[in-house]
Structures are given as structure tokens and as C-alpha cells.
Amino acid sequence: MTTDRVTPLLRGALLPTLVVAVLTVAVSTVVAGSRGLVGAFVGAAVVLVFSGVGLLAMRAVRTMYPEVVLLVAVGSYFVRVVIFGGLLAILGTVDGIDDVLNRTATALAVLACVATWLAGELRAFVRMRQPIYDFDDRPSASSTSASSTSASSTSGTGTSGGAS
């Protein structure tokens, strides 16, 4: 049985980001009206979906080899960046998009939600107290000194350093 290390990260990032998303939608609605509401909602939704998909992808492979988890993490990040760039390019070419949403509200909501997501995920990771090193495989001090003394005693019996 493996420990689920992704759910605490998801919970630690999702809850504060939802709070910030609601706040950005409310402030954008007051400042920019219905266009601000739509813009902030779109920005927050994109961040929540894209960031959540990355952690859910890692959760799906959490029992596999660490190399596979790393490949999925990097691969899903790359795919999310490409899709996000494509969405930005498509939204930039849509006629009348400025009549529907406020681009400033969208950008500010994205920035606020991304910063909150990253801070929440980092805070959750630090609170997990996950060891970075595996101390069980570390050689003890007595075995290290014994191997160094045996290595020095055998090195003196060889040739004098020149090539034979």
C-alpha cells in the first residue's frame, strides 16, 4: 500500500484558490460590471481546471515508478502550457470578445489564482514533512571508516603509479 501524497496537495491548493477565485469574481464584478464577472470567472476556471488536471494526472500514476511519475508531471505540464497558449491565441482572434469579457479582469484573476494555487500547494507540501533523502540506505559511520581503512591498506600494495 502506498501513501497518497497528492490529495493533501490538491486540498491545500484547491481550497484557498476557490476563495481567491470568488473574491476576484466579486471585485471584478464591482469594478467592471458583467464583463468583469465573465472575465474573472473564465480566468479562475481556467486556472482551477488546468492546475487540478495536473495533480489528478499525478494522482493517477502515484503507485508507479518515480520515473513514470516525473514523466507524467513534466508531460502534463507541457501539454497544459500548449493548450493554454492555444486557448489564448483562439480567444485573441475571436471577434467581439471584448464585448463579453474584460481582459484585465481575466488576467488579474489568472495571476491571483495561479499565485494562490502555487502557495497553497507549497504550503501543503511543507506541512506533509516529506523527507527528501532516504536515510535508510545511508552507510553508517563505522562501515565508512572500515571501508576507507581497508581501501588504504590495499592501495599500497600495487605498482608505484607508473604505467606497466
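Here are a few friendly notes on this predicted model, taken helix by helix.

1. Ground rules. Residues are numbered from 1 along each chain as its sequence is written. As the model is predicted, local features need pLDDT of at least 70 and side-chain atom pairs count only at pLDDT 80 or more, while totals for chains, interfaces and linings use all residues; side-chain values use heavy atoms, with hydrogens and water left out.

2. Helix α4. This helix covers residues 103–128, 26 residues in total, and its first and last C-alpha atoms lie 37 Å apart, close to the 38 Å expected at 1.5 Å a residue. Helices here are DSSP runs of H or I with at least four residues, numbered from the N terminus, and the expected span is 1.5 Å times one less than the number of residues.

3. The two ends of α4. At its start, a side-chain oxygen of Asn-102 comes to within 2.9 Å of the backbone nitrogen of Thr-104. Just after the helix, Arg-129 has a positive phi of about 55°.

4. The buried side of α4. Among its buried residues are Ala-105, Ala-109, Cys-113, Trp-117 and Ala-124; buried means under 20% relative accessible area, exposed over 50%, and partly exposed in between, with a 1.4 Å probe and protein chains only. The buried residues of α4 pack against α1 (7–60).

5. Thr-106 in detail. This α4 residue counts as buried because its relative accessible area is 16%. Leaving aside neighbours within four places in sequence, Thr-106 is in contact with Gly-39, Ala-40, Gly-43 and Leu-101, where contact means heavy atoms within 4.5 Å.

6. Val-6. Found in the segment before α1, Val-6 is buried, since its relative accessible area is 7%. Not counting residues up to four places away in sequence, Val-6 touches Leu-55, Met-58 and Arg-59. Val-6 and Ala-124 are 118 residues apart in sequence, yet their C-alpha atoms are 9.8 Å apart in space.

7. Helix α2. The end C-alpha atoms of α2 are 41 Å apart, which agrees with the 40 Å that its 28 residues should span at 1.5 Å a residue. Its buried residues are Val-69, Ser-76 and Arg-80, and what covers them includes α1.

8. Val-82. This residue lies in α2 (residues 66–93) and counts as partly exposed because its relative accessibility is 46%.

How values were computed
A polar contact is a pair of N or O atoms within 3.5 Å; within protein, one must be able to donate a hydrogen and the other to accept it, and residues adjacent in sequence count only if both atoms are side-chain atoms.
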